[in-house]
Structure formats: structure tokens, C-alpha cells
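Hi,

Here is the structure I said I would pass on. Have a look at it first, and my notes follow below.

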Amino acid sequence: MPHATASWLVDNTALSFEQIADFCGLHILEIQAIADDTAATKLTGRDPVRAHELTLEEIEKGQDDADYRLVMLKGPEQVRRTKGPRYTPVSKRQDKPDGIAWIIRNHPEISDGAIGKLIGTTRTTIQAIRERSHWNIANIVPKDPVTLGLCSQRELDALVVKAAKKAGIEAPTDVRFDGDRAALIEELRAERTANALAAEAALNEDEAPAAPVEHTRDSLFKS
């Protein structure tokens, strides 16, 4: 549950977005969306310490060194499904047709079988959407499956590259986020600097001596 784990790390640690993204296998902008509370789905944090995936000492190492990469504890080997579509939470199953339509429109080189494994659906559903014979086709709106939370950006990118290689075409280069990381870091630095200057100005204002009261001749007579 990478998104839920990322949500917990954002709320409970001082780790950088890049460290959290690297540990959870997500894009740094997905972490930014979680921190800004603009993610497509409201997430309930999942504590990786209680799940025996991280130790507090490991988190402290990451907080002390922004270049440090968190190391996940090696837990017991989990039994994984080797056949059939991936499991999708009930709350997100209604979003599957939108994600399938997006992949069909933007990456026609990806096979129905690959889409089924990525999204967790059947070939029959994919074919119906492709042929526009799906029972709810009028209400299906193509949406990025990553934004919908149906898969991670890393999984989608890997599938696109694999499908392009198999089809003998050059994999498209996603330039949507070029420069966003640098801009985000610069924005955070500027925000921290502005906050520090504001705090310093407020402190100086509190410590400044009160201006002396000037008594004029008229004011003395009035008093």
C-alpha cells in the first residue's frame, strides 16, 4: 500500500518528498499531491514501523541526511498471486473503465492482456471499451490510471516501454514533469527563507525599545 505509507510518512516525519517517493516507489509529484491534500483519493495513513517495514532509527537517519535512502526491513516472504488480474479495492473498481479508456487512447501499442494485468480487469471488458460496446460507454471518460490510483507511475512507465520495445517503436518520452522537481525544491527553499525572515522581523520588532514620549508645551498645560 505505497500511497497509504507515503501519506503516513508525510504526516509523521521530516523526510524529504524525494526520500518518501524513492521508498514507496512513487513519483515525487504524487507525494506532493498527498502533502497538499490534492490526491485523487483521500488516504488513511499506514504506519510502516508497525508493519515492520521500517525502524525509527532508519527514519532518523533519513531525517538527518537528505541524501540517505531508506532501507526496507526484509519481512517474511508473502504469497503472491501468479495468475489472474490484480486485486483492486471495491471503492476504485468503478474507475477501471476510465483508466482502461485512457490507456487505449494514449498507448494503443499495449496489449489487452497487459492492460488486464495492470488494471485488474478482463479481456472482455477491455474489448467492449475498445469497440465502444460497453454498457456504460456514454459515461466513460478517459483518465490517467495513476491519478485514479489504479497503478503506480513506475508500473505504467515500465509497461509502456516494454510494449513499445515489443512493437518495435520508440517509447514516448514523458516531458510533463521536466523541471518540476527543481522548481518544487526551489519553491520550498524560498518558502523556508521567507518564513525565517518573517520570524526574525517579528522577533526584532518585539525586542525593539519603545519610542520615548515627547511632551510639548501645550500637552503639559493640557495635562
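Let's begin with helix 2, where F17, Q19, I20, A21, F23 and C24 are buried. Buried here means under 20% relative accessible area, exposed means over 50%, and partly exposed is in between, with a 1.4 Å probe and protein chains only. Helices are DSSP runs of H or I with at least four residues, numbered from the N terminus. Six of the eight residues of helix 2 (residues 17-24) are buried, so this helix is largely enclosed by the rest of the structure. After helix 2 comes G25, with a positive phi near 70°.

Before you read on, two notes on the source. This is a predicted model, in which local features need pLDDT of at least 70 and side-chain atom pairs count only at pLDDT 80 or more, while totals for chains, interfaces and linings use all residues. Residues are numbered from 1 along each chain as its sequence is written, and side-chain values use heavy atoms, leaving out hydrogens and water.

Now the cores. A nonpolar core is a set of buried Ala, Val, Leu, Ile, Met, Phe, Trp, Tyr and Cys residues joined through side-chain atoms within 4.5 Å. The largest one has 22 residues, and those with the most contacts inside it are I100, I103, I110, I115, L118, I119 and L156. Two or more residues each come from helix 5 (96-106), helix 6 (112-119), helix 7 (123-130) and helix 8 (153-167). Helix 5 gives the largest share, five residues. There is also a second, separate core of 17 residues, which includes A6, W8, A21 and L70.

Helix 8 is worth a look too. L159 sits in this helix and is buried, at 14% relative accessible area.

Finally, which residues have a positive phi of about 60° although they are not glycines? They include H52 and R132. Most residues other than glycine have a negative phi. H52 lies in the loop between helix 3 (28-35) and helix 4 (56-64) and is exposed at 60% relative accessibility. R132 is in the loop between helix 7 and helix 8 and is exposed too, at 59%.

Over to you!
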